[in-house]
Amino acid sequence: MKNKLKIERAILDITQDELAKKIGVSRQTINSIETNRYVPSTILALKISKVCNKAVNDIFILDDND
């Protein structure tokens, strides 16, 4: 699964640490999501979309392999 989380963070002008604190995870988790090393749970994806004020599908994109 690909994502646009780094772009959305830049639009909001927040750091990985700030986003992590808002949704209750570590900065490393945010980094792992942004670098496609970790696929977030549905609940985590929903929390991220709420903070970004975007639909989940606007942030996370399914690959053909998913």
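Predicted model: local features only at pLDDT ≥ 70, side-chain atom pairs only at ≥ 80, totals over all residues.
Contact here means heavy atoms within 4.5 Å.

The largest nonpolar core has 13 residues, and the members that touch the most others are L5 and I48. As for I48, once neighbours within four places in sequence are set aside, its contacts are L5, I23, I33, I59 and F60. In soluble globular proteins, nonpolar side chains tend to be buried together.

Next comes the pairing of α2 with α4. The two helices pack with their axes 10 Å apart and at an angle of about 115°, and their crossing is right-handed. On the α2 side the contact is made by L19, K22 and I23, while α4 supplies L44, K47, I48 and V51. Sorted by type, the residues of this contact come out as five nonpolar and two charged, with no polar ones.

What about E8? This residue is found in helix α1, which spans residues 5-12. E8 counts as buried because its relative accessibility is 6%, and the cut-off for buried is under 20%. Leaving out neighbours within four places in sequence, E8 is in contact with C52, K54 and I59. I59 is also one of the contacts listed for I48.

How values were computed
Residues numbered from 1 in each chain as written. Heavy atoms only, no water. Core = buried A, V, L, I, M, F, W, Y, C linked by side-chain atoms within 4.5 Å. Buried < 20%, exposed > 50% of the residue type's maximum accessible area, 1.4 Å probe, protein only. Helix = DSSP H or I, 4+ residues; strand = E, 2+ residues; numbered from the N terminus. Axes fitted to C-alpha atoms, helices over the stretch in contact; angles between N-to-C directions. Left-handed = near helix turned anticlockwise from the far one by under 90°. Nonpolar A, V, L, I, M, F, W, Y, C, P; charged D, E, K, R; others polar.
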